[in-house]
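This report is written for someone meeting the structure for the first time. It takes up charged pairs, helix faces, strand pairing, backbone angles and a surface patch in turn.

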Amino acid sequence: MGTTMRDHSMIVEGDHLLVGLSGGKDSMILFEALVERLRALPFDFSLSAAHIEATGIGYEIDREQLTAFCKNLDVPLHYRTIEPDLEKDPSKAACFVCSWHRRKELFKLTRELNCNKLALGHHRNDAVETLLMNMIYHGSISSLPYSLKMFEGRVHLIRPLLDLDERMLEDYARLNDLVKVEKSCPHEDRTQRENIAQLLRQIEKLHGKGPFNIFKAMNKIFEEYLPS
């Protein structure tokens with residue numbers, strides 16, 4: 001993760017990072033690692049954490065445990081509650097609507113806290129799944145960038161875990177007894193993304209390095225050999 005941040009210049013002196021904490025392993029590992037970076041890097045930057053709880057959809061979070069997790073790392077946790085309307089546009093999946101509203105609230109919080117960076121816990125599998133989803137469902141080639149300027153450069157969205165395979169994060173969580181504090185969501189495992197994750201597992205059975213090669217292919221595009 002340190003190499004990824006260095007190669008893509010994700011953190012510089014004076015930055016104030018807001019870390020989006022969902023309560024799952026990925027964001028919690030990201031948070032722990034950034035706290036470690038805070039202590040190790042030879043320049044100063046600031047960290048804050050935020051959890052956006054979505055109510056009215058059957059989602060649960062262990063707020064007490066998440067608060068204790070941040071307190072142990074000596075970083076303030078900002079807690080916000082939203083109630084996304086899942087019925088407003090039935091054509092959009094519940095997870096998409098919930099994620100969109102959560103992201104909107106996080107960006108709002110970056111302004112309130114004067115944060116110039118928003119760090120999210122997406123890993124390599126997320127990037128490959130997003131690429132395949134956009135190709136299959138939308139007929140476009142796009143995915144998750146390492147860093148993205150938002151709102152005319154006011155805030156940068158960064159993804160320090162993007163080079164890591166999800167299984168590495170699972171191993172880390174297990175070895176460090178990292179407890180998931182996101183209890184449940186009635187919509188998980190019923191999304192397009194879960195279908196794509198199953199497809200990715202089939203691709204890996206076909207060729208062990210298939211998912212990694214798909215990720216690598218996004219940086220190796222030969223436009224002259226495309227139909228466009």
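A residue counts as buried when its relative accessible area is under 20%, as exposed when that area is over 50%, and as partly exposed in between. The model discussed here is predicted.

**Charged pairs**

Side chains of opposite charge can pair when their charged atoms come close. A search of the whole structure finds 11 salt bridges, and the table gives three of them with the distance between nitrogen and oxygen.

| E112 | R80 | 3.2 Å |

R167 is partly exposed, with a relative accessible area of 42%.

Elsewhere, salt bridges that share partners join R124, D165, R167 and E204 into one network.

An α-helix has 3.6 residues a turn, so residues three or four places apart point the same way. In helix α3 (residues 63-72), the buried residues are L66, F69 and C70. They cover an arc of only 90° around the axis, which puts them on the same side of α3. On the other side of this helix, E64, K71 and N72 are exposed. What covers the buried residues of α3 includes helix α2 (25-40) and the strands β2 (46-54) and β4.

Which residues of helix α8 (residues 210-217) are buried? They are G210, P211, I214 and F215. Seen down the axis of α8, these buried residues fall within an arc of 145°, so they line one face of the helix. The elements that cover the buried residues of α8 include α5 and α7.

**Strands around β7**

Strand β5 (residues 117-119) and strand β7 (residues 155-158) run parallel and are joined by three bridges, with H156 in β7 as the bridge partner of K117. Strands β6 and β7, by contrast, run antiparallel and are joined by four bridges; here L157 in β7 is the bridge partner of L148. β6 and β7 form a hairpin with four residues between them, and F151 in the turn has a positive phi of about 55°.

**Positive phi angles**

Most residues other than glycine have a negative phi, and most peptide bonds are trans. E152 has a positive phi of about 55° although it is not a glycine; E152 lies in the loop between β6 and β7 and counts as exposed at 88% relative accessibility. S9, in the loop between α1 (2-7) and β1 (16-20), has a positive phi near 45° and counts as exposed at 53% relative accessibility. Just after α3, D74 takes a positive phi of about 60°.

Which residues make the nonpolar surface patch of about 480 Å²? The patch is made by M135, I136, Y137, I141 and L199. Helix α5 (residues 124-138) gives the most to the patch, with three residues. I141 is found in the loop between α5 and β6 (147-150), and at 63% relative accessibility I141 counts as exposed.

Definitions and conventions:
Residues are numbered from 1 along each chain as its sequence is written. This is a predicted model: local features need pLDDT of at least 70, side-chain atom pairs count only at pLDDT 80 or more; totals for chains, interfaces and linings use all residues. Side-chain values use heavy atoms; hydrogens and water are left out. Patches are made of residues with over 30% relative accessible area and no salt bridge: like charges are joined within 9 Å, nonpolar side chains (Val, Leu, Ile, Met, Phe, Trp, Tyr) within 5 Å. Accessible areas come from the Shrake-Rupley method with a 1.4 Å probe; for residues, only the protein chains shown count as cover. A salt bridge is a side-chain nitrogen of Lys or Arg within 4 Å of a carboxyl oxygen of Asp or Glu. Helices (H or I, at least four residues) and strands (E, at least two) are DSSP runs, numbered from the N terminus. Buried means under 20% relative accessible area, exposed over 50%, partly exposed in between (1.4 Å probe, protein chains only). The arc is that of the directions from the helix axis to the C-beta atoms. Contact means heavy atoms within 4.5 Å. Two strands pair if DSSP finds at least two bridges between them.
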